[in-house]
Amino acid sequence: VKATVLEKASSAIEELRGAIVDNGSIVDGFGSKADSICNQALQDFAPDGSSEDDSSAEVYDKKLEELELSLDAPLQVLYLRQLALLREKALNRFLSSTGTSDFEAILQADGLFAREAEDATREASDWDFASERAYLQSIMNNISRSGKKATDEKLYSSQKQETAMQFLQSQQQMIQQLQMQLYGQNTPWNVGVAYRIPDTNFNLQGSYQQGRANVQLSCVPDEYAPLLGANGFTNGVGPGNLGLSLNLSL
């Protein structure tokens with residue numbers, strides 16, 4: 001009789017195993033379904049089991065207990081697998097939450113896990129999801145702390161860059177003030193002139209910037225001279241050998 005009852009219950013357990021383990025699906029109402037399997041098996045065993053040569057009620061109760069334990073063990077394995085799926089679902093909910101603080105997102109994900117884990121737990125059993133819940137909370141808290149640390153580091157880096165820019169600006173102002181003391185009032189005019197002496201490689205450059213004049217003579221070969229012919233297009237000052245630039249800072 002016991003073998004027949006176990007075979008019938010094992011068929012129902014195998015269906016749950018296929019959904020949870022093979023398909024990776026969450027079975028709604030797993031706790032009530034597990035209770036139904038165990039209770040039905042005990043009911044099927046009770047009428048026939050009591051008619052056997054077990055005169056002692058203690059022996060009969062022990063058989064019922066052994067039967068329930070033999071069914072509870074595989075069901076509890078599936079229960080733990082279901083909890084892992086529920087934990088993954090709650091964690092994804094936390095990671096995908098937007099528009100809320102980390103604290104609120106943690107509370108929502110934890111509440112979701114607690115409700116669905118409670119639904120998956122057998123009544124009047126030693127099944128418990130406290131460790132899985134604590135593990136989920138630990139993961140979410142670690143993620144929250146890591147995100148806050150990254151945000152703080154980014155903010156600190158931005159503040160350092162801003163401080164550096166302010167320091168450079170202050171140094172620039174100090175340099176300008178020293179230049180004013182050394183060379184007098186700065187002028188907004190910045191002028192640059194460049195002149196190439198005809199038929200030579202000499203280039204004369206002059207500039208006036210921030211109250212300082214600078215003259216430079218350099219020898220720069222004219223790469224385009226062969227293209228202009230023997231005498232070039234001009235023999236005097238023209239746009240080909242005279243450059244002028246003017247900057248006015250206000």
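**Close-up 1. The buried residues of helix H4.** In this predicted model, Ala 105, Ile 106, Ala 109, Asp 110, Gly 111, Leu 112, Phe 113, Ala 114 and Ala 117 of H4 are buried. Here buried means under 20% relative accessible area, exposed means over 50%, and partly exposed is what falls in between (1.4 Å probe, protein chains only). Helices, by the way, are DSSP runs of H or I with at least four residues, strands are runs of E with at least two, and both are numbered from the N terminus. H4 has 18 residues and spans 26 Å from first C-alpha to last, close to the 26 Å expected at 1.5 Å a residue. That expected span is 1.5 Å times one less than the number of residues.

A word on the ground rules: residues are numbered from 1 along each chain as its sequence is written. The model is predicted, so local features need pLDDT of at least 70 and side-chain atom pairs count only at pLDDT 80 or more, while totals for chains, interfaces and linings use all residues, and side-chain values use heavy atoms, with hydrogens and water left out.

**Close-up 2. Phe 113 and the largest nonpolar core.** A nonpolar core is a set of buried Ala, Val, Leu, Ile, Met, Phe, Trp, Tyr and Cys residues joined through side-chain atoms within 4.5 Å. The largest one here has 35 residues, and Phe 30, Leu 75 and Phe 113 touch the most other members. H1, helix H2 (30-49), H3, H4 and H5 each give two or more residues to this core. H3 gives the most, with 13 residues. In soluble globular proteins, nonpolar side chains tend to be buried together. Which residues does Phe 113 touch, not counting those up to four places away in sequence? They are Leu 83, Leu 86, Arg 87, Ala 90, Phe 129, Glu 132, Arg 133 and Leu 136, where contact means heavy atoms within 4.5 Å.

Close-up 3. Gln 82 is found in helix H3 (residues 57-96). Is Gln 82 buried or exposed? At 2% relative accessibility, Gln 82 counts as buried. Setting aside neighbours within four places in sequence, Gln 82 is in contact with Ile 20, Ser 25, Ile 26, Val 27, Phe 30 and Ala 120.

Close-up 4. H1 has 21 residues and reaches 28 Å from its first C-alpha to its last, close to the 30 Å expected at 1.5 Å a residue. Its buried residues are Val 5, Ala 9, Ile 13, Leu 16, Gly 18 and Ile 20. Just after H1, Gly 24 takes a positive phi of about 65 degrees. Because they sit three residues apart in H1 (residues 2-22), Arg 17 and Glu 14 are separated by about one helical turn. Arg 17 is partly exposed at 29% relative accessible area, and Glu 14 counts as partly exposed at 42%.

**Close-up 5. Salt bridges that tie parts together.** By the same rule, the count comes to nine salt bridges. Side chains of opposite charge can pair when their charged atoms come close. In one of the bridges, the closest N and O atoms of Asp 72 and Arg 122 are 2.8 Å apart. Asp 72 lies in helix H3 and Arg 122 in the loop between helix H4 (102-119) and helix H5 (130-183), so this pair ties together parts that are 50 residues apart in sequence. Asp 72 is buried, with a relative accessible area of 10%, and Arg 122 counts as buried at 6%. Then there's Glu 116 with Lys 89, whose side chains meet in a salt bridge at 2.9 Å, N to O. Glu 116 lies in helix H4 and Lys 89 in helix H3, so the pair ties together parts that are 27 residues apart in sequence. Glu 116 is partly exposed at 23% relative accessibility, and Lys 89 at 35%. Salt bridges that share partners join Asp 35, Glu 68, Asp 72 and Arg 122 into one network.

How values were computed
A salt bridge is a side-chain nitrogen of Lys or Arg within 4 Å of a carboxyl oxygen of Asp or Glu.
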